[in-house]
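Subject: Two-chain model for you to look at

Hello,

I am handing over the structure below for you to look through. My notes on what was found in it follow after it.

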Amino acid sequence: MPDLLTIGAPAPAFVAAGSDGVTYASTALLERSHVALVFYPGNNTPG
Amino acid sequence: MTKFEQRGIRPFGVNPADVAAHRDYVAQFGFQFPLLSDPDRALARAYHALADDNRGIIRSVYVIGRDGTIRFARRGYPAVDEIVGAIAT
């Protein structure tokens, strides 16, 4: 299992399609708010 | 207003499922935040949330500050208060 990213390190930028039909770019998001990312194993799974 | 909103944090779930599957999942459970589609697992890989088999996702939570740096990083199910506590009021 890889180590978590380090506190204080630059966060990798991303662009991803959202379930609401919006494409989210981290650079644009961070201009207005902090961002929380929750990585989870799968829809309809206990994780 | 949720605790995330109170701290100016926008939450997103991230998983390899496609947008349609995510849309259905959100509708099914009434999530108040979007799910991001990561079909090639690039985001999971970049955030060290990809399992050693290059397919599985390791449950991980990050908070990114507006300055673009990692403010919180934890595996598993950290409490909401612990997550939002990464951002000072």
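Across the interface of chain A and chain B, 25 residue pairs are in polar contact, counting pairs with both residues at pLDDT 80 or more. Please keep in mind that this is a predicted model. The number of salt bridges between chain A and chain B is 0.

Which elements of chain A supply the side that touches chain B? At least two residues each come from β1 (15-18), α1 (26-30) and β3 (34-39) of chain A. The most comes from β3(A), which gives 6 residues to that side. Sorted by class, the side of chain A that touches chain B has 23 nonpolar, 10 polar and 4 charged residues.

In total, 37 residues of chain A and 51 residues of chain B take part in the contact. The area that chain A and chain B bury between them is about 4,200 Å², and 60% of it lies on carbon and sulfur atoms. On the chain A side, the residues that lose the most area to chain B are S19(A), H34(A) and F39(A), which together make up 20% of what that side buries.

Next, the strands that pair between the chains.

β3(A) pairs with two strands of chain B. With strand β1 (residues 9-15) of chain B, β3(A) runs parallel, and 6 bridges join the two. In that pairing, R10(B) of β1(B) stands opposite V35(A). With β3(B), β3(A) runs antiparallel, joined by 5 bridges. Here V38(A) has V61(B) in β3(B) as its bridge partner.

Is β3(A) enclosed or open? Of its 6 residues, 5 are buried, so β3(A) is largely enclosed by the rest of the structure.

β1(A) also pairs with chain B: its partner is strand β2 (residues 35-37) of chain B, in the antiparallel sense, over 2 bridges. Within this pairing, L36(B) in β2(B) is the bridge partner of G18(A).

Now each chain in turn.

Chain A contains 1 helix and 3 strands. Along the sequence, these follow the pattern β-β-α-β. Chain A has 47 residues, and 40% of them count as buried.

Chain B contains 4 helices and 4 strands. Their order along the sequence is α-β-α-β-α-β-β-α. The C-alpha trace of chain B spans about 35 × 30 × 20 Å along its principal axes. Of the 89 residues in chain B, 45% are buried. Taking contacts in chain B between residues at least 6 apart in sequence, 20% of them join residues at least 24 apart.

V26(B) sits in helix α2 (residues 19-29) of chain B. Is V26(B) buried or exposed? Its relative accessibility is 17%, and because the limit for buried is under 20%, V26(B) counts as buried. Apart from neighbours within four places in sequence, V26(B) is in contact with F31(B), F33(B) and L35(B), and also with S19(A) from the other chain. S19(A) was named above as one of the residues of chain A that lose the most area to chain B.

R41(B) is not a glycine, yet it has a positive phi of about 60°. Where is R41(B) placed? It is in the loop between β2 and α3 (42-46) of chain B. R41(B) counts as buried, because its relative accessibility is 14%.

H48(B) is another residue that is not a glycine but has a positive phi, in this case about 55°. H48(B) lies in the loop between α3 and β3 (60-64) of chain B. With a relative accessibility of 29%, H48(B) counts as partly exposed, since that class runs from the limit for buried, 20%, to the limit for exposed, 50%.

As you go through the structure, you could begin with β3(A), which is joined to β1(B) by 6 bridges and to β3(B) by 5 bridges.

Regards

Definitions and conventions:
Residues are numbered from 1 along each chain as its sequence is written. Chains are lettered from A and ligands numbered from 1 in the order in which they are written. This is a predicted model: local features need pLDDT of at least 70, side-chain atom pairs count only at pLDDT 80 or more; totals for chains, interfaces and linings use all residues. Side-chain values use heavy atoms; hydrogens and water are left out. Contact means heavy atoms within 4.5 Å. Buried area is the accessible area (1.4 Å probe) that two parts lose on being put together, summed over both. A salt bridge is a side-chain nitrogen of Lys or Arg within 4 Å of a carboxyl oxygen of Asp or Glu. A polar contact is a pair of N or O atoms within 3.5 Å; within protein, one must be able to donate a hydrogen and the other to accept it, and residues adjacent in sequence count only if both atoms are side-chain atoms. Ala, Val, Leu, Ile, Met, Phe, Trp, Tyr, Cys and Pro count as nonpolar, Asp, Glu, Lys and Arg as charged, and the others, Gly among them, as polar. Two strands pair if DSSP finds at least two bridges between them. Buried means under 20% relative accessible area, exposed over 50%, partly exposed in between (1.4 Å probe, protein chains only).
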